[in-house]
Number of protein chains: 2
Amino acid sequence: MSRFWSETVHSLTPYTPGEQPQIEQLIKLNTNENPYGPSPQVITAIAEANSADLRKYPDPNASDLKRTIADYHGLNINQVFVGNSSDEVLAHAFKGLLKKNKPLLFPDITYSFYPVYCVLYEIDYQQIPLRDDFTLNIDDYRIPNGGIIFANPNAPTGIALPLADIKTLLERNPDSVIVIDEAYVDFGGDSASKLINDFPNLLVTQTLSKSRSLAGLRVGFALGHADLIEGLERVKNSFHPYALDKLALAGAQAAFKDDAYFISCCNKVIATRERVVKDMQKLGFSVLPSATNFVFAKHAEHTASVLFEKLREQRIVVRYFDKPRLSDYLRISIGTDAEMDTLLDVLGKLVSA
Amino acid sequence: MSRFWSETVHSLTPYTPGEQPQIEQLIKLNTNENPYGPSPQVITAIAEANSADLRKYPDPNASDLKRTIADYHGLNINQVFVGNSSDEVLAHAFKGLLKKNKPLLFPDITYSFYPVYCVLYEIDYQQIPLRDDFTLNIDDYRIPNGGIIFANPNAPTGIALPLADIKTLLERNPDSVIVIDEAYVDFGGDSASKLINDFPNLLVTQTLSKSRSLAGLRVGFALGHADLIEGLERVKNSFHPYALDKLALAGAQAAFKDDAYFISCCNKVIATRERVVKDMQKLGFSVLPSATNFVFAKHAEHTASVLFEKLREQRIVVRYFDKPRLSDYLRISIGTDAEMDTLLDVLGKLVSA
């Protein structure tokens, strides 16, 4: 605490990211990173951009990258916004599109950054409990609101809401912006991006951190009606006009151009996940249906926090949330098959001990 | 305009960055980029970080980079904050340290982004006119305030305020945070960083974009009392915890380690500037005393806006501000000697025509 801080800073409870431990030979299954590296074309594109030209500013409009993403999603360039991570894109959306004179609605269980943004920007919000089985009931959202946001597939549950439900939400709330945070959609969700031309109130956010194996490059984007995108541009250009550096621009563009590699990586992760779910069930775990690159699981006889600690002793790091409704579960990222074999082996010994 | 925008978005007048024209064989003297590329050690460090490891998140605390900067400036690691450009660092400072219940003070002529941040974060501000000769009179700041900020050396004038004056300002305003934006300090200013251990209310911001030739990498930082830095960290961790990507972290760290290259580049720019100032004076220009990598100059007989257009026709781009007090001047970045020879040659013909 300092008297030099603004009032907002005193009230903040900053987000706690999953740790990045510096432990040798760690099996790191705690931050939903892709176990496979980015496309070789990404490495090549970054190598080409790594030159004396770094002395110059990047394109503040990121036009080449936007065009690539627009083409990929069958949209116009003015329907695409890019930022330094989808966290930043979300921050601008909270500031520019979700701060209204009615409360913002989101589930009690979803990306835990949302309430942090609300405090940062003094946005009134209301958390709507998910059902007991962690599914989202759209009928619970029939209340006056200044916007709705949730992750789909949701985190940390991994559960996907059908697109038909999102369409209904959009129809029922024509005066609110509805943000669908699709950080994990490429691992089995159905993207709402195909609804963008039908709904001026829809904003879809995605990231290159998970399915495109680029958590280390910090690139996220939003898709939506040109008016919503312009709102985000106005906030970004009042914050830092050159959001993405030259290397990130080059790498991100290359990631979208190597579609075969992208599809192959996603399919490998999905195949591993399906196999791991079955193996975990055999060990007595209940695993929520996952459309993501992680599973959310609990064991009838073993306490999650204890399993978390014991896995860590074996150099396997997963994520544990000491929060209401979540504290019985472990969130486990899908790693390589070899990593998951080690995990299953260790879990097998722990639950039979 | 869109009904989906928040109230703030409607009121914004976003910052307009200098253009990044895509013209062949352009002499680009409009955005104060360094004419020399970054250190070869920067290129090597980025090449080493450009690997499959990009699949993983960077260190959210950027500890290695912070330690390098702290060592360089003789400070502790908790006195250093890093961000995705000094624009971002400044944005967090406005939000976290300069939003108070008294007005923020800054000169009428300084970095034109400051009033944009004030609108973005709803900060009350008062602009204090510089003297007629564009110097800053610290006695004009003896009014109740919630903070003071200016660029030193100032932009777009290039004029440096002596450190003794900054010390007096800090002593006179013990309850306000005073931010000295030192984007250009390495080209001839005297850094206030050496006052940090004496004044808990001083924040110094710097960038790697100019003197370290890394505008394309987007890295800036702040130095100050650990309490001020903690305030910035709280805002940043409520916005996007992983502000700097792995390549930017690696490149920025290398830039600080090659001090010989850095000093040599700065000296070359300074030598070119001193020579250019004399040559421009011979052509009839008045040039403000510059401690930066640009000059701010006007001609007694030739209109700045006309010169700006005529230079552009000759593929030389400089910066022209169509604003009160500034519209008689051109801001010209210092390029290579060859580029400046061409500029002087063209200017010579234009003013004698």
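How many helices and how many strands does chain A have? In this predicted model, chain A has 11 helices and 12 strands.

**View 1. The overall fold of chain A.** The C-alpha trace of chain A spans about 60 × 50 × 50 Å along its principal axes. A compact globule with 353 residues would have a radius of gyration near 20 Å, and chain A, which has 20 Å, therefore agrees with that expectation. Of the 353 residues of chain A, 56% count as buried, and among the contacts in chain A that link residues at least 6 apart in sequence, 73% join residues at least 24 apart.

**View 2. The side of chain A that touches chain B.** The contact draws 66 residues from chain A and 66 residues from chain B. On the chain A side, the elements that give two or more residues are helix H1 (7-11), helix H2 (40-49), helix H4 (86-98), helix H5 (114-120), helix H7 (226-236) and helix H8 (246-257) of chain A, and H4(A) provides the largest share, six residues. Sorted by class, this side of chain A comprises 33 nonpolar, 18 polar and 15 charged residues.

**View 3. A three-stranded sheet in chain B.** Three strands of chain B form an open, antiparallel sheet in the order E9-E10-E12, with strand E9 (285-287) and strand E12 (330-333) of chain B as the edge strands, each of which pairs on one side only. Neighbouring strands of this sheet are turned by 35° against each other on average, direction ignored.

**View 4. The pairing of E10 and E12 in chain B.** Strand E10 (residues 294-299) of chain B pairs with E12(B) in the antiparallel sense over four bridges, and Ala297(B) stands opposite Leu330(B) in E12(B).

Methods: Residues are numbered from 1 along each chain as its sequence is written. Chains are lettered from A and ligands numbered from 1 in the order in which they are written. This is a predicted model: local features need pLDDT of at least 70, side-chain atom pairs count only at pLDDT 80 or more; totals for chains, interfaces and linings use all residues. Two strands pair if DSSP finds at least two bridges between them. Axes are lines fitted to C-alpha atoms, for helices over the stretch in contact, and angles run from 0 to 180 degrees between N-to-C directions. Two residues are in contact if their C-beta atoms, placed from the backbone, lie within 7 Å. Ala, Val, Leu, Ile, Met, Phe, Trp, Tyr, Cys and Pro count as nonpolar, Asp, Glu, Lys and Arg as charged, and the others, Gly among them, as polar. The radius of gyration is taken over C-alpha atoms; the globule rule is 2.2 Å times the number of residues to the power 0.38. A residue is buried if 20 or more other C-beta atoms lie within 10 Å of its own, exposed if 12 or fewer, and partly exposed in between; C-beta atoms are placed from the backbone.
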